[in-house]
Amino acid sequence: MSEPDRNRLDEEESPYLRQHADNPVNWQPWDEAALEEARERDVPIFLSVGYSACHWCHVMEEESFEDEEIAKQLNEGFVPIKVDREERPDLDSIYQTICQLVTRRGGWPLSVWLTPDGRPFYVGTYFPRESRRGTPGFGDLLDNLAESWGSDREEIENRADQWTRAITDQLEDVPEAGTRPEGVLIEAADAALRGADREHGGFGENGPKFPQTARLEVLLRAYDRTERRPYGEIVRETLDAMGSRGMYDQLGGGFHRYATDREWVVPHFEKMLYDNAELPRTYLAGYRATGEKRYADTVRETLAFVDRELGHPEGGFYSTLDAQSEDPETGEREEGAFYVWTPEEVKEILGEEVAELFCDRYGVDQRGNFEGKTVLTLARSVGSLAEEYDMDEPEVERHLENARTELFTAREQRPRPRRDEKILASWNGLIISTFAEAGLTLDESYAERAVSALEFVREQLWDADEKRLSRRYKSGAVKIDGYLEDYAFLARGAFDTYQATGEVEHLGFALDLARAIESEFWDGERETLYFTSEAGEELVARPQELTDQSTPSSLGVACDVLLSLSHFAETDFEGIVEAVLSRYGDRVRGNPLEHATLALVADRFETGSLELTVAADGIPEDWRERLGGTYLPNRILARRPPTEAGLEEWLDALGLEEAPPIWAERERRDGPTAYVCRSFTCSPPVTDIEEALEWADDLDPANAE
């Protein structure tokens, strides 16, 4: 059992938990020892959920958790437990659900008071040290709850029962089976159109503005299907706004978490691996659909940032960069300090003439746009600067590129934001997918980086004997059973790596993960995929994740990758997807935009995947460029050896008794050979990539009779 008079977070690897290891609060991790202590002492649990880059988590720590009086209240009246939401998304999902139901809002830090068996009875987010603007002070709240625990126990127990039922109803509800949703792509696109900000890009007429990558994919696919101009215009407007303003790091590449304003100028400065995976994936799709070079440049710069600042030397990727930097002399932490500039700072580095050009281009002025300093944005076009400064455009671009290099170098000397160096299977799966897709579209070296990350995660977090995935690696320590998002996102990453490289071992790993999804998360009786494993820890609810959050819906991605892998597997993965879509068809139809990833899966199920089987020793460069540079939604690039003998070796490696139809009798003819199919309609074997793409266009649902 834990020692009730000791903070145990120094034993944890999570950087967020270790940040609180020196608090006078006797923080415990969420484990059986802490829960047993609450049961033995018969006191409530105070559960505080946050993450290392969370600004208001830091504020609440400084105001309350470092305060000796507050610590005494927590230690004597409660069992205080700290949870890193990035390590335990199941706990966050459960208790965030009741916070949103009760308070109509959520966020972090999440503050929840629980009975010793985990049922919530009071909830909120950030509480100030003293009462402010209608929010109770944290110290007063602790006194009141401790007193109520002793005097109004029956009322607290009743409330805990009611709230737990509400959580269960919200997270575990599985409706009666209905019919698969059809036609939801256009319904979702129309809903996105209605909510679009046509003046500033993105969605909603007020700040903050968040990336909505699934919505953009809905619009891109709908535009490809219908050629309705507004769909494509919204995508361009949003990609242009996010990439040209403050949410994007104009010097170092990569995206901040979100913009605090409608115009995308001032970001919340933390940088998350998942945003810098999903956003460049969307920009890749935008590049394929429009041919706009600036979108490809954004992808290259973002992936360079990810590799440079979040890359583990042995292959995987770290989780986050904090929003704040700490002054080494004063110890004060300031949000955005690493990224913002004044005209004087720019002039000191560049000299007056180039500084003036740079400041005009990136909007740096004396007023600033963030606390007296400037977040860089593309404020002026190169053409207008060329005219004003009497230069040609290449000369302006050369000066600006040199200036960016000098300022980036100077910025590297500033106090850096803290980095959360835990490696999560799910987030690594997202970035592996993006590197793999960039390997097809931009340069094969990106696919090599996908392979190194995939091999690292596989070596460190996958138990090949037990067919089990762990969630987190940190400094050699592996912890936490994988959730559905870990298996699904990593399976998609492995499958995309197979498509990019043609290496069968990555397909085999994707199939292993898919089979584990079926065995660990699929409830055949209720016909749903749960977020937690059947063998996982028993909590007050077993959540599902149907809607997109800051990351895609794990249920949606699982269904999407199962649909892809059904073309290669003997298992009936397609039947699982059909059952899920039938169960949740009414919800997807009722609000397709909220369920954007599932709506995309429903559209794929309805129209069929585009099967592009290529029999070759390797894809020629011109084939790779054309395939990778063409917008082909729902494309499966089913690479296979050129001969039947080579295919037999692959089947042995995969443990398959016979070739799946996507490979069967599709050997090479006179050179690399493509077979193009959709919904049981197939081309003849073709050896010209342009002819293959013509067949893909002919089989597009937009051209179906």
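Asp-486 is found in helix H19, which spans residues 484–501. The model is predicted. In this model Asp-486 is buried, and its relative accessible area is 0%. The side chain of Asp-486 makes a polar contact of 2.8 Å with the side chain of Arg-471. A polar atom of the Asp-486 side chain also lies 2.8 Å from the backbone nitrogen of Tyr-483. Leaving aside residues up to four places away in sequence, Asp-486 touches Ala-425, Ser-426, Leu-469 and Arg-471.

Helix H6 covers residues 138–151 and has 14 residues. From its first C-alpha to its last, H6 reaches 20 Å. This is close to the 20 Å expected at 1.5 Å a residue. Six positions in H6 are named as buried: Phe-138, Gly-139, Leu-141, Leu-142, Leu-145 and Trp-149. These residues lie on the same side of H6 because they cover an arc of only 160° around the axis. The face turned away from this buried side carries Glu-147 and Gly-150, both exposed.

The buried residues of H6 pack against both strands and helices. The strands are E2 (45–50), E4 (110–114) and E5 (120–124). The helices are H3 (55–65), H4 (68–77) and H7 (153–172).

Technical notes: Residues are numbered from 1 along each chain as its sequence is written. This is a predicted model: local features need pLDDT of at least 70, side-chain atom pairs count only at pLDDT 80 or more; totals for chains, interfaces and linings use all residues. Side-chain values use heavy atoms; hydrogens and water are left out. Helices (H or I, at least four residues) and strands (E, at least two) are DSSP runs, numbered from the N terminus. The expected span of a helix is 1.5 Å times one less than its number of residues. Buried means under 20% relative accessible area, exposed over 50%, partly exposed in between (1.4 Å probe, protein chains only). The arc is that of the directions from the helix axis to the C-beta atoms. Contact means heavy atoms within 4.5 Å. A polar contact is a pair of N or O atoms within 3.5 Å; within protein, one must be able to donate a hydrogen and the other to accept it, and residues adjacent in sequence count only if both atoms are side-chain atoms.
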